[in-house]
Amino acid sequence: MTSPNPPWLGPIVAQLTSLADRNRMPHALLLHESRGCGGEWLALQTAMLLLCRKREAGNAPCGTCPDCRRVVHREHPDLLWTEPDADKQQLRVDQIRELGAELALTTHGGGARVAVVTPAESMNAAAANALLKSLEEPPPGTVIILVTADASRLPATIRSRCQRIRLPRPDRSTALQWLAQAHGASEDWSAALDLAGGGPFAAACIPADQARAIRQDVIDALQHLQRGEHPGNAAVHWAQADTALYLVALENWLTDRIFSAAGDRPQFSGQGEPAHLQDGVPARNIVELLAVQRELARIRSQLATPINRKMAIEALLWHLAMALQRRTA
């Protein structure tokens with residue numbers, strides 16, 4: 001892998017390396033990450049540990065041999081990568097059945113085989129039941145890796161048959177340092193990291209200039225609301241752009257306002273001055289802001305459905321405008 005290894009995952013990589021050296025790798029791993037904190041990277045790293053033919057005990061995979069390069073590009077014949085189709089939200093049961101059929105075949109290299117299912121929580125009940133047989137009776141030399149950011153959505157029968165590894169979320173300074181080293185020191189990754197919920201790998205997928213523009217658009221819309229202006233233009237723009245990121249940026253601002261109103265330190269201090277209205281907004285009614293936040297979460301949960309985004313966002317912003325007019329007692 002060309003980018004620097006994420007330091008917050010170093011101890012886990014060392015643990016998995018030791019297991020591979022002693023031929024003690026579990027037949028099934030559940031990589032439970034905070035979203036965007038490296039679950040899929042760790043799955044690929046584990047595959048390289050098992051499929052690199054030049055790796056010596058105690059060492060990392062070489063990263064340069066044909067096997068390693070094919071793993072990185074997810075093209076190795078003994079790496080079975082299963083994820084939802086690009087236009088789908090769920091893993092289909094036939095995808096899991098196809099995976100099970102492939103696992104029953106002889107490996108191409110005569111050694112290990114690694115199957116990755118990601119995100120595992122996207123399996124419906126039928127798909128999870130189809131995977132259960134492979135977890136109960138895995139072929140020799142097979143390691144099945146489930147990557148999830150929401151393990152509670154997996155059936156207990158699935159979780160109980162895997163060794164769970166909890167991936168930590170790095171602190172902000174570590175995440176920003178890694179992003180600068182891996183994806184460009186000339187960029188300010190603070191806004192992207194906020195939009196990604198603190199997950200560095202997710203932040204790397206958001207162009208830094210786009211993240212800054214979204215953050216500023218949200219602040220501009222809030223200032224227009226404070227002046228009593230109609231939110232229609234903002235609603236149209238957010239509905240036609242990357243709606244999910246705009247809603248995350250607004251949710252971050254709401255979270256900071258709620259923490260500030262409660263007398264606590266804001267959580268998204270990396271946003272800098274533009275994260276807050278600049279004309280001395282007094283403390284607001286926390287209950288009202290929490291109600292807006294719940295409405296925002298409901299809209300985010302419905303983005304994959306055919307809702308009228310413009311109307312939903314406009315109603316949300318009107319609700320926020322009313323909340324901003326109420327001072328705490």
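Here is a short tour, from the whole chain down to single residues.

This is a predicted model, in which local features need pLDDT of at least 70 and side-chain atom pairs count only at pLDDT 80 or more, while totals for chains, interfaces and linings use all residues. Residues are numbered from 1 along each chain as its sequence is written, and side-chain values use heavy atoms, with hydrogens and water left out.

**The whole chain**

- You can find 14 helices and five strands in the chain; helices (H or I, at least four residues) and strands (E, at least two) are DSSP runs, numbered from the N terminus.
- Along the principal axes, the C-alpha atoms fill a box of roughly 70 × 40 × 35 Å.
- Of the 329 residues in the chain, 46% are buried; buried means under 20% relative accessible area, exposed means over 50%, and partly exposed lies in between, using a 1.4 Å probe and protein chains only.
- Taking contacts between residues at least 6 apart in sequence, 72% join residues at least 24 apart, where a contact means heavy atoms within 4.5 Å.

**How helices α4 and α5 pack**

- Helix α4 (93-103) packs against helix α5 (residues 125-136) at an angle of about 10 degrees, with the axes 8 Å apart. Axes are lines fitted to C-alpha atoms, for helices over the stretch in contact, and angles run from 0 to 180 degrees between N-to-C directions.
- That angle makes α4 roughly parallel to α5; the cut-offs are under 35 degrees for roughly parallel, over 145 for roughly antiparallel, 65 to 115 for roughly perpendicular, and oblique for the rest.
- On the α4 side the contact is made by Val93, Ile96, Arg97, Leu99, Gly100 and Leu103, and on the α5 side by Ala126, Ala127, Ala130, Leu131 and Ser134.
- These residues divide into eight nonpolar, two polar and one charged. Here Ala, Val, Leu, Ile, Met, Phe, Trp, Tyr, Cys and Pro count as nonpolar, Asp, Glu, Lys and Arg as charged, and the others, Gly among them, as polar.

**Two partners of helix α14**

- Which way does α13 run relative to α14? The axes of α13 (residues 286-301) and α14 come within 9 Å and cross at roughly 170 degrees, so the two helices are roughly antiparallel.
- From α13, residues including Leu289, Val292 and Leu296 take part in this contact, and from α14, residues including Leu316, His319 and Leu320. By class, the contact of α13 with α14 has ten nonpolar, one polar and two charged residues.
- Helix α11 (residues 232-240) and helix α14 (residues 309-324) have axes that come within 8 Å and cross at roughly 135 degrees, so α11 and α14 are oblique to each other.
- The crossing of α11 and α14 is right-handed; a crossing is right-handed if the near helix is turned clockwise from the far one by less than a right angle, and left-handed if anticlockwise.
- Among the residues that meet here are Val236 and Trp238 in α11, and Ile313 and Leu317 in α14. The contact of α11 with α14 is made up of seven nonpolar, one polar and three charged residues.

**Cysteines**

- How many disulfides does a search of the whole structure find? The search finds zero, a disulfide being a pair of cysteine sulfur atoms within 2.5 Å.
- For Cys65, the nearest cysteine sulfur is that of Cys62, 3.5 Å away, and Cys65 is in no disulfide.
- Cys65 counts as buried because its relative accessibility is 3%, and Cys162 is buried too, at 12%.

- Is Ala86 buried or exposed? Ala86, in the loop between β2 (79-82) and α4, counts as exposed because its relative accessibility is 89%.
- Ala196 sits in the loop between α8 (190-195) and α9 (200-203) and is buried, at 13%. Leaving aside residues up to four places away in sequence, Ala196 touches Arg35, Ala202, Ala203 and Ile206.
- Asp67 belongs to helix α3 (residues 66-72) and is buried at 10% relative accessibility. With residues up to four places away in sequence not counted, Asp67 touches Leu51, Cys52, Arg53 and His76.

**Backbone details to look for**

- Thr118 and Pro119 are joined by a cis peptide bond, with omega about -15 degrees. Pro119 lies in the loop between β3 (113-117) and α5.
- Asn23 is a residue other than glycine with a positive phi, near 55 degrees. Asn23 is in the loop between α1 (10-21) and β1 (28-32), and is exposed at 71%.
- Arg74, also not a glycine, has a positive phi of about 60 degrees. Arg74 lies in the loop between α3 and β2 and is partly exposed, at 35%.
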